[in-house]
Amino acid sequence: MPDTIFDVKNVSFAYEEAEENAVQDVSFSVPEGAFYAILGQNGSGKSTLAKLLNGLYLPTEGTVHVCGMDTADDKHTWDIRSSAGMVFQNPDNQIVATIVEDDVAFGLENIGVPAKEMPVRIEQALTDVGMLAFKERAPHTLSGGQKQRIAIAGILAMQPRAIIFDEATAMLDPQGRKEVFSAVERLNKEKNITVVWITHFMEEAARCQHVFIMENGKMVLEGAPKDIFSDPERLQKLRLDAPPVAGLAHRLRQSGMPLTDGILTVEEMVKEVSALCKSPSGK
Amino acid sequence: MQITFRQVSHTYQPGSPFQSTALSNIDFTVESGEFLALIGHTGSGKSTLAQHINGLLKPTSGQVLIDGSDIHADGYSKKTLRQKVGMVFQYAEHQLFEETVEKDIAFGPKNLGLEEAEIAVRVQEAMEKVGLEYDEFKEKSPFELSGGQMRRVAIAGVLAMRPEVLILDEPAAGLDPMSREEMLQLIKALHEKGTTIVMISHSMDDVARFATRAIVLKKGAIAMDGTPAEIFRHADELEDMGLDVPVICKLARDMQKAGLPLEDGIYEEDKLYEALLHLWKGGAADAQ
Amino acid sequence: MLNDITLGQYYPVKSMVHSLDPRVKIVLLILALVTVFLPENMLLYIPIAAFILLTARLSNVPFKLLLKGIKPLRFILIFTVVLNVFFLPGETVWLEWEFIRITKEAVLTAIMFGIRLVLLVMFSSLLTLTTAPVALTDGLERLLSPLAKIRFPAHEMAMMMTIALRFIPTLLEEADKIMKAQSARGADFESGNLMARAKAMVPLLVPLFVSAFRRAGDLAMAMEARCYHGGKGRTRLHVLKMKRNDYLALLFMALLLAAVIVGNRFL
């Protein structure tokens, strides 16, 4: 059994002066090495939930444990944040230093890593996100996708067990989105870093192992992408769209074409459809 | 109204060590009623091109003509130009500054020197166009609205100038799927009512659904210019440029490569759906 | 519109002067400023000028750039020199006409004043031309860190300066964009009297402030998430260590200072 990284139990959270809870009685857990998505509209509470996962916010009710440590216990604050890093939405607003290398060092400096050890860790982290060549550049000369990868490197250098991505691709162009998502997929596979991927892009959620859907602060649906996206009507009710491939597959299925449930990618679709449509008699 | 680019080039910071060519020898004409999508990589010159249309940037060489007259010629009124060609920037909500929605939308018409009464009419009209209830929103502070609503206020601020051409730079960026769709429907409605649209977009799916014409820019030059059907027939070339192609287009192409007899350049979901259903039924019939 | 503002004046080449410890360079500047104000005899400016020329040579910074720093000051320079010439009292009269009275002493003092000002600016430029802003901040922080005992927020100040340096290009870019967006709505930033122009800035400044606050909030959150909790227990990536050249530079400066003091005695 892998360790549990995030353990969220009956968590509710209300902002000061707000009447309603932004997060309402949410429970779930994330095992080590997982790649989970949290999907929802703006205002569904998904970003608030993200900030509850590493103690930036503390639950009004319920508990959040990160690697066994209670986020409400301020003894553990810094241990929790160095085990579960976080990448935010706006690439500009999370880079502190004027040089890439210095920025990656920022977290290390904060947790008191000896100066001798830092260059090795920085180099490794930048290599892991494919940004080593940009070590001495000024962040404002980089593209959005590159800035986000620098932000990831800044966290990787702290050797975390998990990274929470709070809509980290929402402000990027398609190229940057791909860059960042595949870098994260690689980290998950090769370094066994646990990923919580918060997003409103269906295509990205479709590539995660497990999807949680939030609406009005509540967890309303969860399951494997295959199950979640094979029912476009249910998604529509939650004000979400199915990825285009799933949508087309669903329409064809309804018109009688015997496609299997849960087709999400172009490759799967091409394979199934061509098997069905090529004349079986071989003409 | 007709917009013509004649051999337009633009160089940033000429003569300095930071000199960079953003556009070179751009030639095209946009006619009234078109829905033109500008496509290209970040840094391909799309935004620079767009900012030439309403004179925010001046060509280093070449001319931008509106209805045949050079917008940078002496005596061409910038005010008329700004009125005719409206521009909505990326993350347009970041330009809001007034205390109320009404005042913010009135900023443009006021700058045009219009009468109070006329301004009031236009503000109301613009709010209707973007789907914001006048009585409900006019007194609200733009800063207490949701992201999607703020963006609509910003667009209303441009529409209140009654432009004939509307340039939009990534109007749906950063919005969630539902607000995105609403935004695109809004633009579609404006186009249907006669506004010429020039939209910069990264989303090929949006281009496929809404544009009547697309120009693909590559390193500051026009790489392709045509209807979406013509453009998406070159899916492989687009991908080589590092650009996306619509998912449907990708499906159709890959199925074709896998041996299905589909026609070239399908990029609309309905069309692919029909074609596949037809093939499958044909195949099933053969089998019997 | 705003992108032609270059930030700071750091001239990024490699040189002996560039690679000096920023702390040492700040101390050198302070000593240099003292040295510039000491001479009572004009001749003593010769070794000081020679020192600047030598340093400039070693720094690989074109001398033209060094002089460029004086350009914005030329009016103040002319103004103070002229003022001194006309109004300082003296004994040896060179020219007397109506109420104007120019004396030898006044002219000499005025020239001395001018030289001091020019040298002052050149020394300061030499520091900013050869030291990256970040290194400068870093140097200041460490020089001031002993003051933490009397609760002087050296680390916090340095952090603020670093963040300011980091965000200036971002905010400039943003200002440019907002300016364009408002121009597209017919805003006019360029004509009208002072009052009208000041008023025209509102549509630029309000969104810019709103954005700066939003960024500040985001950044604070991101810094907290990366375990930032002030200067306590913090280590640093760049360890500053004085090298042979640093000691040599200090030695030279001390010699110059001593020479000027001795010179004052005997000339």
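## A helix pair in chain C

Let's start inside chain C, where helix 2 and helix 5 cross in a left-handed way. This is a predicted model, so each feature described here is a feature of the prediction. The axes of helix 2 (residues 45-59) and helix 5 (residues 104-130) of chain C come within 11 Å, with a crossing angle of roughly 20°. Angles under 35 degrees count as roughly parallel, and helix 2 and helix 5 of chain C are therefore roughly parallel to each other.

Which residues make the contact? Helix 2 of chain C brings C:Tyr45, C:Ile48, C:Ile52, C:Thr55, C:Ala56 and C:Ser59, and helix 5 of chain C answers with C:Ile115, C:Leu119, C:Met122, C:Phe123, C:Leu126 and C:Thr130. Sorted by class, this contact has 9 nonpolar and 3 polar residues, with no charged ones.

## Where chain A meets chain C

Moving on to chain A, 31 of its residues are in contact with 25 residues of chain C. Helix 2 (77-83), strand 6 (84-87) and helix 3 (100-110) of chain A each supply at least two residues to this side. Helix 3 of chain A has the largest share, with 6 residues. The side of chain A that touches chain C divides into 15 nonpolar, 12 polar and 4 charged residues.

## A closer look at helix 3 of chain A

Is helix 3 of chain A buried or exposed? 11 of its 11 residues are buried, so helix 3 of chain A is largely enclosed by the rest of the structure. Among the buried residues are A:Glu101, A:Asp102, A:Asp103 and A:Glu109, along with A:Val104, A:Phe106 and A:Leu108.

The buried residues of helix 3 pack against helix 4 (118-128) and helix 5 (144-156) of chain A. After helix 3 of chain A comes A:Gly112, which has a positive phi, near 75°.

## Where chain A meets chain B

Chain A also touches chain B: 32 residues of chain A are in contact with 31 residues of chain B. Helix 6 (174-191), helix 10 (244-254) and helix 11 (266-277) of chain A are the elements giving two or more residues to this side. Helix 11 of chain A gives the most, with 7 residues. By class, the side of chain A that touches chain B has 16 nonpolar, 10 polar and 6 charged residues.

## Confidence in chain A

Chain A has an average pLDDT of 92, and 98% of the residues score at least 70. Within chain A, confidence is highest in strand 7 (residues 162-166), at 97, and lowest in helix 9 (residues 232-237), at a mean of 83.

Note on methods:
Residues are numbered from 1 along each chain as its sequence is written. Chains are lettered from A and ligands numbered from 1 in the order in which they are written. This is a predicted model: local features need pLDDT of at least 70, side-chain atom pairs count only at pLDDT 80 or more; totals for chains, interfaces and linings use all residues. Two residues are in contact if their C-beta atoms, placed from the backbone, lie within 7 Å. Helices (H or I, at least four residues) and strands (E, at least two) are DSSP runs, numbered from the N terminus. Ala, Val, Leu, Ile, Met, Phe, Trp, Tyr, Cys and Pro count as nonpolar, Asp, Glu, Lys and Arg as charged, and the others, Gly among them, as polar. Axes are lines fitted to C-alpha atoms, for helices over the stretch in contact, and angles run from 0 to 180 degrees between N-to-C directions. Angles under 35 degrees count as roughly parallel, over 145 as roughly antiparallel, 65 to 115 as roughly perpendicular and the rest as oblique. A crossing is left-handed if the near helix is turned anticlockwise from the far one by less than a right angle, and right-handed if clockwise. pLDDT is the predictor's confidence in each residue, from 0 to 100. A residue is buried if 20 or more other C-beta atoms lie within 10 Å of its own, exposed if 12 or fewer, and partly exposed in between; C-beta atoms are placed from the backbone.
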